[in-house]
Amino acid sequence: MSRECSYRDSERQDGDVVDRLQRMGFDKHRINRSLKLYARHYNVDKIGWDIDTVTEIIFRLKIKDQLKKTQRKFSSKVSLIRALEAMEFRTSFINIAIEKYEFLMRFKSTSAASIPSGASYDIQRIATLIMQIRARQNNRKPLQRFSCSSDLSSTPRPRDVEERKQSRSVGDRIQMTGYYAGTLYKQSSRNRRKWQKRYFIVDNGELQYFKDAEKARCYFERNGKNVNRDRKEYIGDMAVCKVTKLCTCEDRPFVLSVTTPLRRTYLLQANNQVEYEKWFACLCVDIVKTRNSVDVGVNVTSTAADMNHMDERQSLYATILQHNPICADCSCPCPEWVSINIGVVLCLQCCGIHRELGCNVSKIRSLTLDNLDIDVLRCIVNIGGNQRLNEGLLEYSLNKSHKIHYKTCSIKERTDFIYDKYARKSYIYQKFDNTTQLMQLMHQHMYDSVMKNDCFGVVLALFNGADIDHKFKQCNDVTVLQTAILLNKKVMVQCLINNNATPILQI
């Protein structure tokens, strides 16, 4: 009863809310439902009507209504994408959500190679993933109730305050001691349905595990502080690993994913929500970068090393945008998308066609929406930009009169040009007609480029047919990726991994 009174009083005080929302094009019935839900969850007397939050509720109600009218299972990915686009979801969010759904389905199956045959796409689960991605992108909290706007989120719930205290205390403990340990369940690398209880230790930012606490104690008594990085139970340095929370199937909550630079992924499950948050906070503390300079009471995020890291990231972004003022394919100004394996910077229209080529040809990321790793940015800068790539490789033999322009080209012309340029490689410079001679030259050129830290040379060799996993007999049958890792060439390792070099998995 009190909620209804609060709703009516607030409505009288702000009687233009409904009119304002109707002028924005929303349905009146859905507006009334959203206002009632808003009044049920928020104290209208204190905070009033927040238009951003109300419109978010309206959007979610609209999605819920559309999902009820839509079939739940889709066997065709194309039909699924069309149905999600009809709900006004952004294409980039749809693609990310589908990739995540396929990833989760792979781990649910015994086969990790692909989605199980005959499996279908669940549009409700994918829509939920999109909403989570959308919430993170808009800096909204993906809470169980409706998300707040930025000004409302400054008044967190008691549960939020408690979680922040727990995370902060764990972070402070790691920062001061560099050590954290506990029990987690690890997914078996051989049988993905088997989860094994293991004792994990983070020491100075390096994560490893043991069968139990007693085994860990014996190991450290024997070896002291020396870390044996050749142990198969050694996972790696958290400063160069990627840690994410996974929304897996209902029987496996509280799962964390740790991905190493060599693309080995570990799935770890905590016992409960509190442990889950503690381990996530612990693994995300970037202690390696500051372990030699952190003192008790010093905030890790404010150290000089982190500030320099942030400054370098901003400088790399500025360099990429400044050196690539126009799209590499159609000359459209202010491009904001990049192919991380080739290095070309693209406009929105061209990046859509690049996605159609497939990630084996071009891996597209956003310079504004995606949080790109700093080594990826260094790699893009190292390649040299659109002008160097076009003049020295991609459009070497292209007649300038055949170059498309964003103002005059049709969709078909744009598509044909991009397919010719990247998939068919019609315009690259080829010096030799003899394929064997060309391969020998390109493999040697790729190896030399790795030794010189020249990412452009690697891309040139690959476009001329070099095998990125070629084993060099004169170097004990090692690949260029193994060579780059042994020489600690991080940017080159990233360049090779971006171009689908086969990672070296731990046995």
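**Close-up views of a predicted model**

**View 1. The largest nonpolar core.** The largest nonpolar core of this predicted model has 57 residues, and Tyr422 and Leu496 have the most contacts inside it. A nonpolar core here is a set of buried Ala, Val, Leu, Ile, Met, Phe, Trp, Tyr and Cys residues joined through side-chain atoms within 4.5 Å. Buried means under 20% relative accessible area, exposed over 50%, and partly exposed in between (1.4 Å probe, protein chains only). Among the helices that each supply at least two residues of this core are H13 (348-357), H16 (411-423), H18 (455-463) and H20 (490-498). The largest share, eight residues, comes from H18. Helices (H or I, at least four residues) and strands (E, at least two) are DSSP runs, numbered from the N terminus. Residues are numbered from 1 along each chain as its sequence is written. Local features need pLDDT of at least 70, side-chain atom pairs count only at pLDDT 80 or more, totals for chains, interfaces and linings use all residues, and side-chain values use heavy atoms, with hydrogens and water left out.

**View 2. The surroundings of Tyr422.** With its neighbours within four places in sequence left aside, Tyr422 is in contact with residues including Ala328, Ile342, His354, Leu394 and Phe463. Contact means heavy atoms within 4.5 Å. Another core, of 23 residues, lies apart from the largest one and has Leu67, Ala97, Met105 and Ile133 among its members.

**View 3. Asp375 in helix H14.** Asp375 is found in helix H14 and is buried, with a relative accessible area of 13%. Lys490, Val491 and Gln494 are in contact with Asp375, leaving aside its neighbours within four places in sequence. Asp375 and Met492 are 117 residues apart in sequence, while their C-alpha atoms are 8.8 Å apart in space.

**View 4. The seven-stranded sheet.** An open sheet is formed by seven strands in the order E6-E5-E4-E3-E9-E8-E7, with antiparallel pairing. Two strands pair if DSSP finds at least two bridges between them. Strand E6 (234-237) and strand E7 (242-246) are the edge strands, each pairing on one side only. From one strand to the next, the twist averages 35 degrees. Helix H10 (residues 213-223) packs on the sheet, where it touches strand E4 (195-203) and strand E5 (206-210), and its direction makes about 120 degrees with that of E5. Axes are lines fitted to C-alpha atoms, for helices over the stretch in contact, and angles run from 0 to 180 degrees between N-to-C directions. Five bridges join the antiparallel strands E8 (residues 255-259) and E9 (residues 265-269); Val255 has Gln269 in E9 as its bridge partner.

View 5. Zero disulfides (pairs of cysteine sulfur atoms within 2.5 Å) are found in a search of the whole structure. Cys330 is in no disulfide, and its nearest cysteine sulfur, that of Cys347, is 3.6 Å away. The sulfur of Cys350 is 3.7 Å from its closest cysteine sulfur, in Cys347, which is too far for a bond. Cys330 is buried at a relative accessible area of 0%, and Cys350 is buried at 0%.

**View 6. Aromatic pairs.** A search of the whole structure finds nine aromatic pairs. Rings of Phe, Tyr and Trp (its six-membered ring) pair if their centres lie within 6.5 Å; planes under 30 degrees apart count as stacked, over 60 as edge-to-face and the rest as tilted. Phe200 and Tyr209 form a tilted pair, 5.2 Å centre to centre with 35 degrees between the planes. Phe254 and Tyr276 have ring centres 5.7 Å apart and planes at 50 degrees, so this pair is tilted. Phe254 is partly exposed at 23% relative accessibility, whereas Tyr276 is buried at 8%.
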